[in-house]
Each structure stands twice: as structure tokens, then as C-alpha cells.
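Subject: Structure for you to look at

Hello,

Here is the structure I said I would pass on. Please open it beside this message and follow along.

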Amino acid sequence: MICYAKLPLSFDINTIQHEFQRALLNHEWLPHYNTRDYNGNWDILPLRSPGGHPDKPYANLLNEEGFEDTTLLTGLPAIQVLLDGLKCEKLAVRLLNLRAGAVIKAHKDAELAFEKGEARLHFPLFTNDGVEFYVEDERIYMREGESWYINANLMHRVANNSETDRIHLVVDCKVNEWLTEILEQSYKKCKDEVKDISLQLKIIEQLRWQNTPHGNTLADQLEQEIPMSDVTRTMLNFIKEIGLTYHLENIEGKTFLPGLKLRNGSLVVDLDKLLYPGDILHEAGHLACMPVEIRAGMSDDLENNNINQGGEMMAIAWSYAACLHLDINPEIVFHENGYKGGSKGMIENFSQGRYIGVPLLIWCGMTTDEQHAAELNSNPFPAMLNWTCQKNMFTT
């Protein structure tokens, strides 16, 4: 994605400046219509507008059929030469005057970007070093007589900290081969395009809900594009491999663990709110250690009863075993902000073979001890016979 580009286009800045002084210096400007986006005075003279109306300073068509030249442009032959040199379809063409002391607030112009098929070109006619133009957090120095492309779909802002007006000729145009070639020849700043993660998560959720082979494959592919830490991805892949389900969603409201909750036997993860990735394994342990008929009813905060109290101890032991299996540092799961300050003690106990919760895992057939490991042709805990509970010992 192109953030901005200095274009290899030249024009007669001196002639245009003289032309402006002669024809437009005392012309009545129209105030910019997006009044919430600026402080001070930001004015417009439309040279090409919806229907060619000189009183319509808009960059979109509204109810008109197309953009046409206004009568103002006929008196500006040097600017007309500049526009004729742009070998692409022109949409709105405007003179934008950011008056001395005025500020354009940080904003985006939705979909107005080269990659979206429309480009906004800036031709500074009157400016100075007191004008600060930022694309995202980078200041762009645009000098008089230069030509620039600005990705208006990115956050941008301007402040005129000088005592004189800043006037740009701003041209919106359709992307074509000519403009593409011009941008290829330009000095430009690019970055990887940031995806709309919220929209992508909704698409993934819909595909999961359909539960078709093709939909699940596509959901897996889209999920791999979601930015997350390596350890988080490792944990989520493991959860899926052992037959548990999870959903990446935006979670509203408060949860017991930040960015996590249980819903109908599945783990719901909000990557933006997730503070401690290791909590994923602990919550997954709650699901894994319950038989499927109990697991299916597990949602939100678990009821404080004997089954869930036992499940808490099992989840602690299970998540420790999962750490070792996945070669993840146990301190990621047993972090200092969890387990009421007892995380270090838990790690120390486990590392020295003083286990809690393991007898319950053995009771449910999920692991074994040294005494019975040989007859089961297995290794004792922290090795696991089954990563999910295969039999319901809680009702028999």
C-alpha cells in the first residue's frame, strides 16, 4: 500500500501563482463543508464539481450525473494546462485554502486511495515551512511547485502554523495505466496494508457457523492472516488439533480473564483484549478436562460447585503438561498476575514433581502415574494419555 508519493510531474508554478493573484485573489471562497474536521478557516474554490456548479465544493457526486468544469476554470489557463497533462479521468478539482492558524483535524477519507481505484493529487501553490502535513504520524514536506499523491484513506492532519494562507490545487482522479506508471516512477513510502480485523473476524465466524469443508478451510486460511503472537497461534492450533473449538471475536463487557470467555463448550478469544496469552491454555484446560456432555454446557463464569472446583485443579495440571508438550515456558501460563500471586510456587512444585490435580486427571483416564505407566505402555504425567476427557466419571 502506498502511503504517499512525490510525483515526477512538473508545472509552471510561477505562471500559476501570477494567474491566481490576478484572477482569484479577491474571489469569495466557500467554507469547507466538513466543519467538524477543522478549526479556524478552511475554504474551497471548485474548479471541477458535481454538474459543474460553482457553488458545490463537494468531492462526491451527490445527485449529479458527473463532474464538469466550472466557469472559474475557464479563466485559469495555466491550471488548465496542468490538468490536461494528467492523462487520467479527473473527478473533483478544487483549490483548498487552509487559512493562517487553521488546523485540519486527524481524519480519513474513506476508500480514497490508489489501491481502491481513486487517487488524490496535491499541487502546492502557496505554502511555507510553518505548514505541518502529517500522513499517520509522519510529517510530509510539500514545497511549492511539487506534485504529490496522498493516501487519503489513511489518517492525516494539517496545521498551518504560519501567518499566511496555504493553498493547494487538489485533484481527485481515477487510477489508470498512466497514473500507475507515474506512481511506479515516484519516490514513495509504502507499507503492508492493514486489514479490517473486525470484518475479517465476522467473515471467519460466519464460515465456521456454516461448518462446510470448504468454509472451514477458507476460515483457516483467513485466520492465518490475523496478526497474533507466535505463542498465541501455537496454543490455538493445539486447541484445534485436540478437538476443542474456539472463536476469535470481539468480546463486549467484562470477563473473568481479560479477552477470554467460555460459550457453549467453546473458547471465545478477543485478541485485542487478551492481556496474557497463557490464559488461553488454562481456559482450554477447563474444557478439555470435562466430558463432552458437561463441556457442551460450559459458558461464561463457571458455577462454584464440586465439579468445577475439581476442574480448576485439573486445568492447572493440564495446562502445565500442555506447556511442556508445546515447548512453551510455563511462566507464560503461570504468569505473575495470575493464581493470586502463587504462580511461582506452582511452577516450583510441578518442576519438583509435587503435583496438584493429577490424581483427578488419572481418575478420568487422561494421564497415569509411574506405577501404572509401564502397563499402559506410556510415560507418567506430565505425559498425557488423552488431551481431552473421554469418559464421564462425574456421573458414574
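The model is predicted, so please read everything here as computed from a prediction.

Start with helix α7, residues 230-241. The helix has twelve residues and spans 16 Å from its first C-alpha to its last, close to the 16 Å expected at 1.5 Å a residue. Its buried residues are T232, R233, M235, L236, F238 and I239. An α-helix has 3.6 residues a turn, so residues three or four places apart point the same way. The cover over the buried residues of α7 includes the helices α6, α8, α10 and α11 and the strands β15 and β17. After α7 comes G243, which has a positive phi near 95°.

Next, the sheet. It is open, with three strands in the order β15-β17-β16 and mixed pairing. β15 and β16 are at the edges with a single partner strand each, so one side of each has no neighbour in the sheet. From one strand to the next, the twist averages 25°. β15 pairs with β17 in the parallel sense, over three bridges, and H247 is opposite V268 in β17.

Last, T388, in the segment after α14. Is T388 buried or exposed? Its relative accessible area is 10%, which is under the 20% cut-off, so T388 counts as buried. Its side chain makes a polar contact of 2.7 Å with that of Q390. Beyond its neighbours within four places in sequence, T388 touches I242, L244, A288, R295 and M366.

Regards

Technical notes. Residues numbered from 1 in each chain as written. Predicted model: local features only at pLDDT ≥ 70, side-chain atom pairs only at ≥ 80, totals over all residues. Heavy atoms only, no water. Helix = DSSP H or I, 4+ residues; strand = E, 2+ residues; numbered from the N terminus. Expected span 1.5 Å × (residues − 1). Buried < 20%, exposed > 50% of the residue type's maximum accessible area, 1.4 Å probe, protein only. Contact = heavy atoms within 4.5 Å. Polar contact = N/O pair within 3.5 Å; in protein donor to acceptor, adjacent residues only side chain to side chain. Pairing = 2+ DSSP bridges. Axes fitted to C-alpha atoms, helices over the stretch in contact; angles between N-to-C directions.
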